[in-house]
Each structure stands twice: as C-alpha cells, then as structure tokens.
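Welcome, and please open your viewer. We will walk through a few selections together, one stop at a time.

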Amino acid sequence: MPLDALRQLYATLPRLRGMGLLGQTPGIEHEVILPFASYAPWRSDAAFKSMWTTIKDYTLVDNYRAYELWDLAGQACRLSGDVIEVGVWRGGTAILLASRAAAAGKRLYACDTFEGVVKADAVDPHYSGGEHADTSLGFFVAFLRKQQIKNCTIAQGVFPDETGWHLVGNRFCFAHIDVDVYRTAKECFAFIWDRLVVGGIVVFDDYGFSTCEGVTLAVNELRDGLADGVILHNLNGHAVIIKIGVAG
Ligand SMILES: C[S@@+](CC[C@H](N)C(=O)[O-])C[C@H]1O[C@@H](n2cnc3c(N)ncnc32)[C@H](O)[C@@H]1O
C-alpha cells in the first residue's frame, strides 16, 4: 500500500476509538481500544524477534502477548520454582517459555489434552468443547525436538483433574493459563496459585476477548477474594496476577 494511503488510514483510526462492540455476558462491556502510547520494545529485542520468527506459525497469540510472556517469564525466572503452561496447542508459546526457563536452569511443564478444549459451560457461548483439537502430542514433540528443547515435561490430559497429581509437590515462578473457558480457567488458577512462590506471576490469556467472556468472568471473580495477589488488566488480552504474599 502506498505511504500516503497508509497515512490516511492511520489518521482515520482514532474515529474508531471508543466505539461500542457487542458482547454476550451482562456486565462485560466491549469497545474498540486503541491506546495512545506507541513504545514498541519488541521491535528492537533481537532475541525476542528471533523467537517470534520461530513460533509465529505455531501460536494463536499475537506478538504483543508473546512479548509480554517473554518479558514477564524472563523476570519471574529470577525467583525459585519452575514454569508451567496450561494450553499448549501446537506449542508456540510453550517453546518461548521453555527457552526462557532453560536460560535460568528451570523446567517448563506443558499441560494439554492435545484433543482440544474441555469443560465449556453456558458462560462460554463460543465454545462447546473440542476446539483447537487440530494438533497432537506427536506434533508438539516434533517441534520440541526441532528446536532442541530438553527442559520440557509434557503432561497430556485434562488439567488439573488427570495430570495435576504429577505436580502436587512442585513450585512455580511463572504460569501461562491459555485455556479459553471459564471452569478450566478457575480450576487451573486454584491449583497453580497454591504452588506459586511469592513474587511469582500468572498470565491469563483470553482476558477481554469477546469470544472468551468466560475467562474474563473467571478473573473478575478473583478480584473479590484474592488477598495475596494484585490483578492487572492489560489491554492486549492478558490479565496478569502477581503474588504479593501468602494468604493468612
Ligand atoms: C488456545 S489453545 C492454546 C494456544 C497456545 N498457548 C498458543 O501458543 O497459541 C487452548 C488449548 O488449551 C487446551 N486445554 C483447554 N482446557 C484444558 C484442560 N483442562 N487441560 C488441558 N488442556 C486444556 C486445549 O486442548 C487447547 O490446545
């Protein structure tokens, strides 16, 4: 597209800002969000750029969320404990997290059914179960091998019901919960939060997407009762929760 046409298009974007969008859950409002700030550190971080080139065809997250995972996991890996992801699909964000964990001498625990989403409820109108089954354990293992990742433990099955027992004694410094629906989001958080070290970080994907209002609901419900964590709403589709103490 010619530069002038691009400039004109860019100039029209502010007119969209604040325009209301339809959601389906009462109390969860949506609008076109266009932040005014433009700082873009992902453009100059050579290691991240190389990682993004490796994973972009294997992930459903965009470069904004991938960069936030890269940045926060890197910081959290200064603490004790390992890294966990629930919701691996084809392995894009898992490879990114495994690489951050490896640099700090830690493991990544990668949890997925590899048969798609489970436990969709009435609060997840866009899901009925089985979405994202277009992957397999073998596909993910091949990707790990190709990238020469050796610090990843795979837990195949419904988390935490079928695979949590492997991890009851573990401690985590960073968790990525990318499971699309309400009930699983809540159950994953409950399991992981008890095992998260102080200062550790949980990142929920799906927060704020009109197609994943169940996850937004699950995180918003945490706001009422979480005495030992702070919850940050990032406009990119992440909710970030930092553990600030031990609930007494
Ligand atoms: C959106 S995909 C994950 C995307 C991935 N993080 C990426 O890089 O794009 C969601 C995944 O969550 C998995 N999943 C959902 N609920 C689960 C559960 N309770 N236990 C294990 N896996 C689950 C699905 O099988 C699916 O692969």
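Two strands count as paired if DSSP finds at least two bridges between them; strands (E, at least two residues) and helices (H or I, at least four) are DSSP runs numbered from the N terminus. What you see is a predicted model, where local features need pLDDT of at least 70, side-chain atom pairs count only at pLDDT 80 or more, and totals for chains, interfaces and linings use all residues. Residues are numbered from 1 along each chain as its sequence is written.

**Stop one: a strand pair.** Select Tyr 109, and you will find Thr 153 of S5 opposite. Now widen the selection to S4 (residues 108-112), which pairs with S5 in the parallel sense over 5 bridges.

**Stop two: the sheet.** Show the open sheet of 7 strands, with mixed pairing and the order S5-S4-S3-S6-S7-S9-S8. S5 (152-156) and S8 (229-234) are the edges; each has a single partner strand, so one side of each lacks a neighbour in the sheet. On average, neighbouring strands are turned by 15 degrees against each other, direction ignored.

**Stop three: the helix.** Select H4, which lies across S3 (82-86), S4, S5 and S6 (172-177) and runs at about 175 degrees to S3. Such angles run from 0 to 180 degrees between N-to-C directions, with axes fitted to C-alpha atoms, for helices over the stretch in contact (C-beta atoms, placed from the backbone, within 7 Å).

Next, colour H4 by burial: a residue is buried if 20 or more other C-beta atoms, placed from the backbone, lie within 10 Å of its own. Here 10 of the 12 residues are buried, so H4 is largely enclosed by the rest of the structure. Among them are Ile 95, Leu 96 and Arg 100.

Finally, click Gly 105, which follows H4 and has a positive phi, near 75 degrees.

Notes: Two residues are in contact if their C-beta atoms, placed from the backbone, lie within 7 Å.
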